[in-house]
2 protein chains.
Amino acid sequence: MIIEILATGNELLSGALVDTNSAYISEKIGEIGIMAARHTLVGDDEDALGTTFKELSNRAEIVIVTGGLGPTRDDLSREVAARVAGVALELDQVSLARIEQFFSARGRKAPKNNQIQARFPAGAEILENPIGTAPGFALKINRSTFFFMPGVPAEMRKMLKEQVIPRITKIIRDPYYYECKTISTYGLGESALEEKLDGFMDRFPDIDLGFRASFPEVQVKLYQKNSSQKELIKEQQEAVSWIKEKLGIKIISMNGASLAAVVAELLINKKATLAVAESCTGGLIANLLTNIAGSSEYFILSAVTYADIAKQKILGVSPEVLKEYGAVHEETAKAMAAGARELSGATYAISTTGIAGPAGGSPEKPVGTVCIGLAGPAGITSKRYHFPFGKRLLNKKIFTAQALNLIRRELLS
Amino acid sequence: MIIEILATGNELLSGALVDTNSAYISEKIGEIGIMAARHTLVGDDEDALGTTFKELSNRAEIVIVTGGLGPTRDDLSREVAARVAGVALELDQVSLARIEQFFSARGRKAPKNNQIQARFPAGAEILENPIGTAPGFALKINRSTFFFMPGVPAEMRKMLKEQVIPRITKIIRDPYYYECKTISTYGLGESALEEKLDGFMDRFPDIDLGFRASFPEVQVKLYQKNSSQKELIKEQQEAVSWIKEKLGIKIISMNGASLAAVVAELLINKKATLAVAESCTGGLIANLLTNIAGSSEYFILSAVTYADIAKQKILGVSPEVLKEYGAVHEETAKAMAAGARELSGATYAISTTGIAGPAGGSPEKPVGTVCIGLAGPAGITSKRYHFPFGKRLLNKKIFTAQALNLIRRELLS
């Protein structure tokens, strides 16, 4: 069963907009065990669309198309689909009534050019769009079934779920079960991970192994397919145990969660709270933690103390410590963490002070150096690290991940 | 001249990751006057890659490929390109030395599988990768020139700019001058911008107008092509004046800079400093400001005071204000800004307190409500806004932009 995905639109082809629809559709059909064979993207051009429809209709059993169903002159999907299928466009009275009702419900009269959205290739099965004016449609072209959906993500997502996926499930009648397990890791690059997992393919020949880097975290993905659901589950359990043994503490989540989400969960489970004192990470730790809904349950504050004066005034870092050791030092990191914990009354506090670059490095403290402090019920510790990534934004990310990983390990211990 | 773009990788085809590279490449070749004919995306599969390389080599003069140059087994671009071109893979000693040096500079030994990254199809022209281990290469396949680049966006972007675009310019031997002027705006959506700029096409028929949303900022792009450089410059000056008149203060930068970068520049020019007090933006303001190198010149601190106790202890917001008005209120925003300014001694302070959602909304203060305070030499003000975007991360972004825009306008006044 070959399924292909086609996105259309000049704004996508020109790069003005990133096509997120195709990835979304791939993800959703992945959940019913189908890997798309290919994504294609063409502009609002009659010839390009015609050529592509023909090509895809000869190559794939199912084609999922987004875009080109709007009311304007450059919305060509209906017309070109009819031409390639060799049928005429016909007005659908039910859709016309729905479009008129869509506008009248909003106190407006349907613009004349919206009526074109009620015209479909003869023989098409119409797919309702309850949240927009562009209905979709399914149409047989050559040996393929094409599903045409609007490009507006919210409309497309609803139509995909409610109208397209159920129809695909019927068409494929696939006897296999599918699973994709995602394991998040931190602390090993992709190559190092692959080395650590050497032997996996021999041990589990039916599982495809994939890696997905989201710097500095890397996800290990297990793609499974099996005609027996029981065997699939058993095989997954064995594979997961095998990987756990090889990667140990480098695994941060068995469900693809990020470091920030894992730290959040651990804090909630322990009914513990966290305060942060950030210098070189500049608010990134706080930003990642507060991206998670419900963070007020455990996150008290972050003092982004960029200037020395802020470290003194907010965190109570003594001028003597700053003078003797400098801003980037284990002792300063300790004082920052201790200050943040005392100020906030949080169970734990983490701190970062380092050199993100590009300027500010020295032979003893090159760009990429960071000192991370941790204050908690068990006392105050700190450690110095050096990372080789060289770029300001990468350094902010790796410093942040390292701090989150330290508190993660503390919470696990 | 037909140019096509090909992205490769199972993580893209499965939808685990959205392909942003192809849109980026389209945008950049758009700046030298080329519209890509098509984007294609296939997985890490030998047959699929082989078929696609062949197809593209028969259809396009230039093909730009990303991905598949890593050190792991599923990185197949080198191998498949050699096979389709009918040549062998050859070890390049210079690249090998570079890879070994890349690791030794980081105090590590090159893993054995990274050596594969120094093997290229015979006859390929190697494209240096100064920031990663995967060099790219240019290779003739049939009548096409293929440019192979790594999929890691930062590496790809650098290689595209420094190595690929100059080679494409040579190949196309185009007699025209091209310019792409990017004007950043904030405060108008795409449709509203288009309405405001109605009449542009009649007035400047030789300039193509494009829009690019980077929520919540929108860039207006002017694409020009002219055989006379003098005329091109004159026309651009006229178009820019015309747009300035139509958009006024909604323009944040004439050079595509972001709100955060513009605020940074204005502060530096005024020799002023800034402190921030963030509740609902959770560190995002600090994070964006400290993403810019040199931010220590004007950025003193951000107090990410998520809990009420933090607002009291760090910013000195009185318990009475919090009790009488609640955390989300103009008066609280004022007290936060005043507290941050006093604490830091900064010239200006901005504050945010609001409801990013999904929880925490009420009929009087629904999700999307934010109060922003501003304290400066001219006194303390605050204002309440409500944004209709409904999602936590979008709310954090729009609250942040609104706060940055307030300080921008204050600095301009």
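Strand β9 (residues 177-186) of chain A and strand β11 (residues 217-226) of chain A lie side by side as an antiparallel pair, joined by 10 bridges. Two strands count as paired when DSSP finds at least two bridges between them, and the strands themselves are DSSP runs (E, at least two residues), numbered from the N terminus. To see one bridge for yourself, find Cys180(A), whose partner in β11(A) is Tyr223(A).

This pair belongs to an open sheet of four strands in chain A, in the order β10-β11-β9-β12, with antiparallel pairing. At the edges stand β10 (208-214) and β12 (251-253) of chain A; each has a single partner strand, so one side of each is left without a neighbour in the sheet. From one strand to the next, the twist averages 35 degrees, an angle between N-to-C directions of lines fitted to C-alpha atoms, on a scale from 0 to 180 degrees.

Before going on, a word on what you are looking at. This is a predicted model, in which local features need pLDDT of at least 70 and side-chain atom pairs count only at pLDDT 80 or more, while totals for chains, interfaces and linings use all residues. Residues are numbered from 1 along each chain as its sequence is written, and chains are lettered from A and ligands numbered from 1 in the order in which they are written. The predictor's confidence in each residue, pLDDT, runs from 0 to 100; chain A averages 94, and 100% of its residues score at least 70. For the complex, the predictor gives an ipTM of 0.82 and a pTM of 0.83.

Now turn to where the two chains meet. The contact takes 53 residues from chain A and 59 residues from chain B, with two residues in contact if their C-beta atoms, placed from the backbone, lie within 7 Å. On the side of chain B, the largest share, seven residues, comes from strand β14 (residues 299-305). Strand β14 (residues 299-305) of chain A runs antiparallel to β14(B), and five bridges join them. Here Ser302(A) stands opposite Val304(B).

Finally, look inside chain B at strand β8 (residues 144-149). Is this strand enclosed or open? Five of its six residues are buried, so β8(B) is largely enclosed by the rest of the structure; buried means that 20 or more other C-beta atoms, placed from the backbone, lie within 10 Å of a residue's own. Strand β3 (residues 62-66) of chain B runs parallel to β8(B), and Val65(B) is bridged to Phe148(B).

Methods
A residue is buried if 20 or more other C-beta atoms lie within 10 Å of its own, exposed if 12 or fewer, and partly exposed in between; C-beta atoms are placed from the backbone.
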